[in-house]
Amino acid sequence: MDLNYSADELAFRDEVRAFLNENLSPTLSEKVRLGKRLSKTDHEEWHATLNKRGWLAINWPVEHGGTGWNAVYRHIFEEELCLAHAPRTVPFGLSMLAPVLMKFGSKAQQDYFLPRILDGTDWWCQGYSEPQAGSDLASLKTRAVRDGDHYVVNGQKTWTTLGQHADWIFCLVRTDAEVKAQEGISFLLIDMKMPGVTVRPITLIDGGQEVNEVFFEDVRVPVANLVGEENKGWTYAKYLLTHERTNIAGVGFSTAGLAHLKEICTKQMSGGKPLLENPYFAGRIAQIEIDLMAMATTNLRMIAKAAAGQAPGAESSMLKIKGTEIRQAINDLTRRAVGRYAMPFVSEALDSGANAQGVGPDYACAASPGYFNNRKLSIFGGSNEIQRNIISKAILGL
């Protein structure tokens, strides 16, 4: 198995770097590098920039307006975006819903929604989790009752990321309560502007409001917005989750985060010397770097398998666990590196256009919020505990 890039792949990497150098504004890149919160406009402008170049829908086939890239090209592109501190593309329409529509949606749904995802007309969010249905998603309670040409939806979703910006939400709803839990679920597309839809922000421990509660009270949804067959939504939900876990290792994010940490450690002093020269601290950084190099190699092996047409196995669970642990370790050391400046963090200083000033150097402002916020990494996309169960069954046969 050759883990080195070919000449064509190296040429493509150079092309991506040239594109980013020309089209990614230093202001936006600096906001990402320093962990500032991005506005809706920031996301929309970067979405439009990638779409103009034809590099937005990297996991879509060409016939639907995608790049048609193989796994290696996608990996190179995503890694270079991380290293350049480009905004992450909002995944809910592009990477989650779109593959479901291509696989299970009607021709009318594909023709209407896919172009609107590409050109940014519609911002999508995900309606899966509920207050009593997180890891046990099949126990969801949101109901959709058929009434002529509509479903009447009542219930609540939670942890809805960026739902405050969304135009539409794709939802798992219960359409049959008399059968096994997984067999009575359907997949609905709901216009967030419909009467009866209420969005309430949830303030997180880092002071941000990136997630929301979404309430449905007698919301009338056209039957035409049902994806696939009624009561088959669990099948579509599982298919979507395979795309949610794309790039789950986060090698690019960790590589960029580690470089940022090292930069901080050249500026922060300990005993009259840069923190990077402190043997204990340098040792901890070295351990993270070793783990990251090992994970990157494993990730490349998976990419090589995908490029050869082989489906990933339990390795994806291993990468999810190790990838999130490495990112959290980087967040932890970053918080420790800034020392006392991590204590009085000013949440408002992370907002675009805010007048609030952080305490200490500019790189210190996001240290604690980033640490707190990224505790979520080992939970979403299938918690690390669930991933360990998958490994124990698939590899160890337990």
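This is a predicted model: local features need pLDDT of at least 70, side-chain atom pairs count only at pLDDT 80 or more; totals for chains, interfaces and linings use all residues.
**Cores, a covered strand and one buried serine**

The largest nonpolar core in this structure has 71 residues, and Phe170, Phe187 and Leu189 are those with the most contacts inside it. Helix H5, residues 91-104, supplies the largest share of this core, with seven residues. As general background, nonpolar side chains in soluble globular proteins tend to be buried together.

Apart from this core lies another, of 24 residues, among them Leu275, Met302, Ala337 and Tyr363.

Let me return to phenylalanine 187. Not counting residues up to four places away in sequence, Phe187 touches Leu97, Val100, Tyr128, Phe170, Cys171, Leu172, Asn225, Leu226, Val227, Gly233, Tyr236 and Leu240.

Three of those contacts, Phe170, Cys171 and Leu172, bring us to strand S4. How many of the residues of strand S4 are buried? Strand S4 spans residues 168-174, and seven of its seven residues are buried. In general, the side chains of a regular strand alternate between the two faces of the sheet. In S4, Trp168, Phe170, Leu172 and Arg174 lie on one side, while Ile169, Cys171 and Val173 lie on the other, and both faces are covered.

Which strands are joined to S4? Strand S1, residues 124-127, runs parallel to S4 and is joined to it by four bridges. In this pairing, glutamine 126 stands opposite phenylalanine 170. Strand S5, residues 185-191, runs antiparallel to S4, with seven bridges between them.

The UniProt record, an unreviewed entry, places the feature "domain: Acyl-CoA dehydrogenase/oxidase N-terminal" at residues 7-120. Over residues 7-120 the chain is 68% helix and 0% strand, and the end C-alpha atoms are 34 Å apart.

My last topic is serine 317, which is located in helix H10, residues 315-337. Is serine 317 buried or exposed? Its relative accessibility is 3%, and the cut-off for a buried residue is under 20%, so serine 317 counts as buried. What does the side chain of serine 317 make a polar contact with? The partner is the side chain of glutamine 387, at 2.7 Å. Leaving aside residues up to four places away in sequence, serine 317 touches Gln387, Ile390 and Ile391.

Technical notes
Residues are numbered from 1 along each chain as its sequence is written. Side-chain values use heavy atoms; hydrogens and water are left out. Helices (H or I, at least four residues) and strands (E, at least two) are DSSP runs, numbered from the N terminus. Buried means under 20% relative accessible area, exposed over 50%, partly exposed in between (1.4 Å probe, protein chains only). A polar contact is a pair of N or O atoms within 3.5 Å; within protein, one must be able to donate a hydrogen and the other to accept it, and residues adjacent in sequence count only if both atoms are side-chain atoms. Contact means heavy atoms within 4.5 Å. A nonpolar core is a set of buried Ala, Val, Leu, Ile, Met, Phe, Trp, Tyr and Cys residues joined through side-chain atoms within 4.5 Å. Two strands pair if DSSP finds at least two bridges between them. UniProt positions are given in the numbering used here, feature names are shortened, and annotations may be inferred rather than shown by experiment.
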